Amino acid sequence: MHHTKNHNSIFLTFFRCLVILICLSPLLFLIVNSLKSARDYLLYPYALTKGLTFENYYNYIFQFNGLHYWLNTLLVVTVSISFSLLIGSFCAFSLSLQSKSKAIPAILILTSLFFLPDIIFIAPLYKIFAFIGATKGYLALILMYIRASFPPTVIFMYISMAKISQDLYWSYMLDGASLYMVFFTQIPKICSFEICFIVLYNSLSLFKDYTMALLFVTSNSLTTVNVAVSRYLSMNNLDFPKYFAATIINLLPFIIYFLAIPVFFRKNDWDS
């Protein structure tokens, strides 16, 4: 029995190390090659060289003003996800209080919107937004991002809230709490994991968007990061180390987010 536990422990440790290695290998490849010149990358793409330099990061941040485009994207994504999370979670909360016969049709409609390709909405909405001049700012792009992030938010939050016994809600209400107070004070605690998951899912989806950001923002100063990086790559004649440096900078918020989630759950006594 003792030997079996040791073997299981060794196997799990090996499996975890293998998964971490597989996940980190592409990131390490980007980091190492972002510190090379274009010549060194072509000659030694899988090896360390003596000529490691931070010039690619300097050029992207200071000469190309890459942080400006990153902040543009952060602004648009934060506004879109905040609206979708707040309104979508409340819609999911309202649906969870209804009978399944009333809630399921709404969830099926949202599911169909979730799986429909974006091009179905882009073509007609682009003409409308361009006609009213909404593409000169962020309004059109924010509305498109809300359309993309709202259905998955409602679906995932409803799946979580539907498992919660309604007796818990009514017990708080018997103590004098209103339904809105229950939503704003208890749901963030009960559904903290689901909230973190949906924020990460929507952030990854919107941060990597290129088509909507290209079509629905016409001002160069308001350009988002993926459009800016594609222009940066074309300006530098496919100098991939510069592209890798730009990618690493744009990945930083997600790296920080991944590192912060375990700390958050440990502080909040997450046991699952």
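Q: Which residues of helix α3 (residues 55-63) are buried?
A: The model is predicted, with local features needing pLDDT of at least 70, side-chain atom pairs counting only at pLDDT 80 or more, and totals for chains, interfaces and linings using all residues. Residues are numbered from 1 along each chain as its sequence is written, and side-chain values use heavy atoms, leaving out hydrogens and water. Buried means under 20% relative accessible area and exposed over 50% (1.4 Å probe, protein chains only). In α3, the buried residues are Asn56, Tyr57, Asn59 and Tyr60.

Q: Within what arc do the buried residues of α3 fall?
A: The arc is taken from the directions from the helix axis to the C-beta atoms. The buried residues of α3 line one face of the helix, because seen down the axis they fall within an arc of 165 degrees.

Q: Which exposed residues does the opposite face of α3 carry?
A: This face is turned away from the buried side of α3. Its exposed residues are Phe62 and Gln63.

Q: How far apart are the end C-alpha atoms of helix α5 (residues 100-115)?
A: The expected span is 1.5 Å times one less than the number of residues. For the 16 residues of α5 this gives 22 Å, and the end C-alpha atoms agree, being apart by 22 Å.

Q: Against which helices do the buried residues of α5 pack?
A: The buried residues of α5 are Ala103, Ile107 and Leu110. They cover an arc of only 65 degrees around the axis, which puts them on the same side of α5. They pack, with contact meaning heavy atoms within 4.5 Å, against α4 (66-96) and α7 (139-161).

Definitions and conventions. Helices (H or I, at least four residues) and strands (E, at least two) are DSSP runs, numbered from the N terminus.
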